[in-house]
Amino acid sequence: MNIETANRLLQYRKKHNLSQEELAAKIGVSRQAISKWERAEASPDTDNLILLAEIYGVSLDELLKGENAKKADSENNEQNNSEPNSGDVYNYSYSYSYGPNGETETKYEKVDKVSFKNGIHVDSKDGDHVHINFKDGVHVHDKNGDKVHVGWDGIHVEENGKQRVYTDENGNIMVDEELKRRHKNKSNWNKFPFFIFPILAFAWWGASGVCFGWALSWICLLTIPLYYTLVDAIYERKASHFAYPVLVAIAYILFGYFNVCGGWAVGWLVFLTIPIYYWICGLFGDDDEHNECKCNECE
């Protein structure tokens, strides 16, 4: 790395009031690595350059080449808005206007972009990005802020702006303590032999002959997927993972056998709650966590 780029990295960090330790924590490297970059003793790899550009809110070219690259990007963007580049594949919406001499002018609005230049690059209108090539690996950014970087230098996974999994300088895979604790607790509950109890209840109920006996006792077995999907929904914080349709099926069968709420003739209405349940899950965004700011004091 040349000294101009190193100085630029230093200035961007100071401009954003970040210490070397804070910046290192954000991108999953050591403070010594940041120091070497800023003294031009080492160069960040592609994954880290992408992360730095995102943290500083600049393009990769601007981060490496400065203001001249920014001007060049602006000129290229103006050109791209008027006419598509060869080698890229787009979905377009078109608008037409007529010039002063009656000629037709076509303006292109890029919606989705797929490029096969030096790999596979997909940029959707919804804000999802996928970039794959042999040299740099796989980079996936979704509109919710989740990021996955898999390359020759290791693995980096961010969930809702928080680094969850990354590879340290020695190649060891490090996992965020919160994520590790969540999956450990989930694993403990999943290891609990819950299925034994429904099987025992099924056998006792059927053999006793009470409440329709074997004809209805099998419903106990449906509680097995309910238990494990409930554990998954709780620890993954996604209500949509719960097997709600199974719960509805249990309710319908009970309504029918015990003639509750109109029995079989009317009980089927409970199935209409299934799309409502998943609509509510989507409405409240059960797969989004609240981002928390954990900034330390700046240097």
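The legends below describe close-up views of a predicted model, in which local features need pLDDT of at least 70, side-chain atom pairs count only at pLDDT 80 or more, and totals for chains, interfaces and linings use all residues. Residues are numbered from 1 along each chain as its sequence is written, and side-chain values use heavy atoms, with hydrogens and water left out.

View 1. One cavity of 30 Å³ or more is counted, and the largest cavity has a volume of about 30 Å³. A cavity is a set of points, on a 1 Å grid over the protein atoms alone, where a 1.4 Å probe fits but cannot get out, and its lining residues have an atom within 4 Å of a point. Grid points are joined across faces, edges and corners, and the volume is the space filled by probe spheres set on the points. The lining consists of Leu9, Leu23, Ile34, Trp37, Glu38, Leu52 and Tyr56. Helices are DSSP runs (H or I, at least four residues) numbered from the N terminus. By class, six lining residues are nonpolar, none is polar and one is charged; Ala, Val, Leu, Ile, Met, Phe, Trp, Tyr, Cys and Pro count as nonpolar, Asp, Glu, Lys and Arg as charged, and the others, Gly among them, as polar.

**View 2. The salt bridge between Glu38 and Arg13.** Three salt bridges are counted in the model, each being a side-chain nitrogen of Lys or Arg within 4 Å of a carboxyl oxygen of Asp or Glu. In the pair Glu38 and Arg13, the closest N and O atoms are 2.6 Å apart. This pair links distant parts of the chain, with Glu38 in helix 3 and Arg13 in helix 1 (residues 3–15), 25 residues apart. Glu38 is buried because its relative accessible area is 10%, and Arg13 is buried because the corresponding value is 5%. Buried means under 20% relative accessible area, exposed over 50%, and partly exposed in between (1.4 Å probe, protein chains only).

View 3. The closest N and O atoms of Glu21 and Arg31 are 3.7 Å apart. Glu21 lies in helix 2 (residues 20–27) and Arg31 in helix 3, so the pair ties together parts that are 10 residues apart in sequence. Glu21, at 42% relative accessible area, is partly exposed, as is Arg31 at 31%. Arg39 forms a salt bridge with Glu41, with the closest N and O atoms 2.9 Å apart. Arg39 is partly exposed at 45%, whereas Glu41 counts as exposed at 52%.

**View 4. Residues with a positive phi.** Most residues other than glycine have a negative phi. Cys211, although not a glycine, has a positive phi of about 50°. Cys211 is placed in the loop between helix 8 and helix 9 (214–217) and counts as partly exposed, at 42% relative accessibility. Arg237 is likewise not a glycine and has a positive phi of about 60°. The place of Arg237 is in the loop between helix 10 (223–236) and helix 11 (244–257), and Arg237 is partly exposed, with a relative accessible area of 42%.

Key. On a 1 Å grid over the protein atoms alone, a cavity is a set of points where a 1.4 Å probe fits but cannot get out, and a pocket is an open set with protein on both sides within 12 Å along at least five of seven lines; lining residues have an atom within 4 Å of a point. Helices (H or I, at least four residues) and strands (E, at least two) are DSSP runs, numbered from the N terminus.
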